[in-house]
Amino acid sequence: MNFVFPPRAVPYLRILAQDEVYPVARIFCVGRNYVAHAAEMGGEVDREAPWYFTKSPHALAQCHQTLPYPPGTNNYHHEIELVVALGEEVFCADQNAANAAIFGYACGLDMTRRDRQQDGKDHRRPWDLGKDVENSAVVGPITPVSNGSDLLGRRISLNVNDELRQDGSLDDMVWSCAEIISHLSRYYHLGPGDIVMTGTPAGVGPVQVGDVVRGEITGLAPVMVTIGPAEA
Ligand code: MN
C-alpha cells in the first residue's frame, strides 16, 4: 500500500532521561476540574461525572521553544495542567486498573482561544475553535512512574515572565487521575499513547507576544514556552 502523499509525522513527547520518545495518539482534556477555576469561568462543579473535550494530536507542541501567537483570537490564555500519559490498554476499568495503566506524568499547557471558547458557550456550540488550536497542547517531558503513584499535595503553578499567575494544589482536583481514566474508559478503548490533560486551577489569563510562560508541578519537569509574533 502506498500513500498518495507522505503522512504527517507522529506527534510525540519526550521522556525524562530517556532517548526513546512517547508517541501520542489522542489528547483528552477534562473540563472544570478545580472548583476555583470553574468559579472564575462563571460555572460550578458537580460530582455527577467528569466531562471532556479533545484536542487533535497535531495540536501538540514541544516545550522550550517559541510558538507563534495563533490566528483568530485576541485573548489567548494559559492553563497549567497535570498531564497523565497512559502506557497500557484500559477499557471499562476500575480505579486500580486505571492507576496501573499510567505510564507517567507531565506538566502541560492547555492554551485556549478564550474569546472563541466564549462564542461557543454563548451559542451552545462546540469549543473546537477555542480549544483545538494548533500548538495549543504544550507538554513537557514525561516523568515515568511504576504504578500511578499519587501526586496528592503537590503544588501546581504557572508564571508569566516573573509574575505568578496560577498557584494551586493537585489536592484541589475534583476528579483524581484514577477516577478520570476509569470513567473515560467506559467510553473509549484507551491505550498507550493516549494522554489526558486534567484541568487547570484558578488564575488563567491572557498571554502577549514576548511572554515567557513557565508551568511547574512539584517533582515533574517544568513546561516552558515563549509566545512569538503572529504569523503573517
Ligand atoms: Mn484546560
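**Close-up views of a predicted model**

**View 1. Strand S3 and its two partners.** S3 and strand S15 (residues 194–197) pair in the parallel sense, over four bridges. Two strands count as paired if DSSP finds at least two bridges between them. Strands are DSSP runs of E with at least two residues, helices are runs of H or I with at least four, and both are numbered from the N terminus. Ile27 has Ile195 as its bridge partner in S15. With strand S4 (residues 52–55), S3 pairs in the antiparallel sense, again over four bridges. Strand S3 (residues 26–30) is mostly covered, with four of its five residues buried. Buried means under 20% relative accessible area, exposed over 50%, and partly exposed in between (1.4 Å probe, protein chains only).

The model is predicted: local features need pLDDT of at least 70, side-chain atom pairs count only at pLDDT 80 or more, and totals for chains, interfaces and linings use all residues. Residues are numbered from 1 along each chain as its sequence is written, and side-chain values use heavy atoms, with hydrogens and water left out.

**View 2. The manganese site.** Glu79 (OE), Glu81 (OE) and Asp110 (OD) coordinate the manganese ion at 2.0 to 2.1 Å. Donors are N, O and S atoms within 2.8 Å of the metal (3.2 Å for Na, K and Ca); water is not among the atoms, so sites may look incomplete. The donor residues follow the spacing E-x1-E-x28-D in sequence. Glu81 in strand S8 and Asp110 in strand S9 (residues 102–110) link distant parts of the chain, 29 residues apart. Glu81 is buried at 1% relative accessibility. Asp110 is buried too, with a relative accessible area of 1%.

**View 3. The largest nonpolar core.** This core has 62 residues; Tyr22, Leu82, Tyr105, Leu109, Val138 and Ile195 have the most contacts inside it. Strand S8 (residues 80–86) gives the most to the core, with six residues. A nonpolar core is a set of buried Ala, Val, Leu, Ile, Met, Phe, Trp, Tyr and Cys residues joined through side-chain atoms within 4.5 Å. Leaving aside neighbours within four places in sequence, Leu109 is in contact (heavy atoms within 4.5 Å) with residues including Glu79, Ile80, Val138 and Met197.

**View 4. Ser182 in helix H5.** Ser182 sits in helix H5 (residues 177–184). Ser182 is buried, at 8% relative accessibility. A polar atom of the Ser182 side chain lies 2.6 Å from the backbone oxygen of Ala93. Beyond neighbours within four places in sequence, Ser182 is in contact with Ala93, Asp94, Gln95 and Ala98.

Key
Polar contact = N/O pair within 3.5 Å; in protein donor to acceptor, adjacent residues only side chain to side chain.
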